Amino acid sequence: WEAYTGAGSWQDLWNRGERSPHWSRFSGRTCDAVGDPRWSSLCLEDFPGPCDPEDLIDGIIFAANYLGSTQLLSDKTPSKNVRMMQAQEAVSRIKAPEGESQPMTEVDLFISTQRIKVLNADTQETMMDHPLRTISYIADIGNIVVLMARRRMPRSNSQDNVEASHPSQDGKRQYKMICHVFESEDAQLIAQSIGQAFSVAYQEFLRANGINPEDLSQKEYSDLLNTQDMYNDDLIHFSKSENCKDVYIEKQKGEILGVVIVESGWGSILPTVIIANMMHGGPAEKSGKLNIGDQIMSINGTSLVGLPLSTCQSIIKGLKNQARVKLNIVRCPPVTTVLIRRPDLRYQLGFSVQNGIICSLMRGGIAERGGVRVGHRIIEINGQSVVATPHEKIVHILSNAVGEIHMKTMPAAMYRLLTAQEQPVYI
């Protein structure tokens, strides 16, 4: 990852891994970082940059004007001069000619160690949401900020996760780069803050895995992560044809589908919504084709992957006047099985918990690799039910667990419905 800060050259800021330590829905809550007494002290470290590191973990907001986006073709590793030329080309494409009115939208630019989000300043609706690790370059040119990210294509059998590619005149593979252009009086501060966010995220990730960043080489860091395989990998489960089905639900016009949906939980590789309850005698239940725990990938051809829960609910409510609904689902049990491999207590688990609910997660750490998801309620630890276990005891059990740590979890909202703590609202 590199940033151009207006000083005449590109600066290498961060290119040594990926993580996202914070889930913004839970910001402000008091959570215990399991097995890591240094979690809260990380913000006291001196990370160069304009922001307080603790603020970057929670997220900071800059006011800006969104001017537009464009797509460029680029070599995989362009030179520094080429990168600057790409940023300038993006600006020239988006900026209105002199004398003409510049279309723009007032936005709030949210920056954290997890992600960069662009929110409409008036409605606070999310216009863009990029995980921090997907950002390739950031440049500030005067009062203009250019945010660049490579566009990834689905993995195929013939390509090893190749981003969209086109041959150039010299035969080199070219990659699609999406460029977002903003205008702000704080352009340089924005670029510096994003660079600092990468630095804080990387240092925090290392410490969460029991590593002293000053003593760790890039190779040693990579070797550590390479020893941890992904468990409960969504992509593998979702790629098996027997788990994926198109389901058709017949109903009367004016009749609701009769389901309750909840979020699958951050940490899912393909975040979507889960069927948490079905109305007795409703179309969904009567069809016999849906189960609690099924993940809905699309409805009538509209993908729900990555959409906010409220948007997914609105889409389902909009089906009321239809007599036949097509759902693409993935069969999943309502309970998620987690397996964390922790060699010894030096390896921090890298997630925090409050009253049995997982409230933040270190991306790329051993917990995420084991299948831990934010927003899930822990049901069992190593075969022992913890649904009635006090918070302090849950933290103690996890903090001292080593070897293979087996857990069962489910979305906290689903747990509350199944245990009658909340009444279902069917849509």
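User: What does the secondary structure come to?

Analyst: The chain has 10 helices and 23 strands, where helices (H or I, at least four residues) and strands (E, at least two) are DSSP runs numbered from the N terminus. This is a predicted model, in which local features need pLDDT of at least 70, side-chain atom pairs count only at pLDDT 80 or more, and totals for chains, interfaces and linings use all residues. Residues are numbered from 1 along each chain as its sequence is written, and side-chain values use heavy atoms, with hydrogens and water left out.

User: How much of the chain is buried?

Analyst: Buried residues make up 50% of the 427 residues. Buried means under 20% relative accessible area, exposed over 50%, and partly exposed in between (1.4 Å probe, protein chains only).

User: Which aromatic pairs turn up?

Analyst: A search of the whole structure finds one aromatic pair. The ring centres of Y66 and F182 are 5.6 Å apart and the planes are at 50°, so the pair is tilted. For rings of Phe, Tyr and Trp (its six-membered ring), centres must lie within 6.5 Å; planes under 30 degrees apart count as stacked, over 60 as edge-to-face and the rest as tilted.

User: Where do the two sit in the chain?

Analyst: Y66 is in strand 4 (residues 60-74) and F182 in strand 11 (residues 173-183), 116 residues apart.

User: Are they buried or exposed?

Analyst: Y66 is buried at a relative accessible area of 16%, and F182 is buried at 1%.

User: Change of topic: which residues of helix 9 are buried?

Analyst: In helix 9 (residues 391-399), H391, I394, V395, L398 and S399 are buried. They cover an arc of only 125° around the axis, so they lie on the same side of helix 9; the arc is that of the directions from the helix axis to the C-beta atoms.

User: And what is on the other side?

Analyst: E392 and H396 are exposed there.
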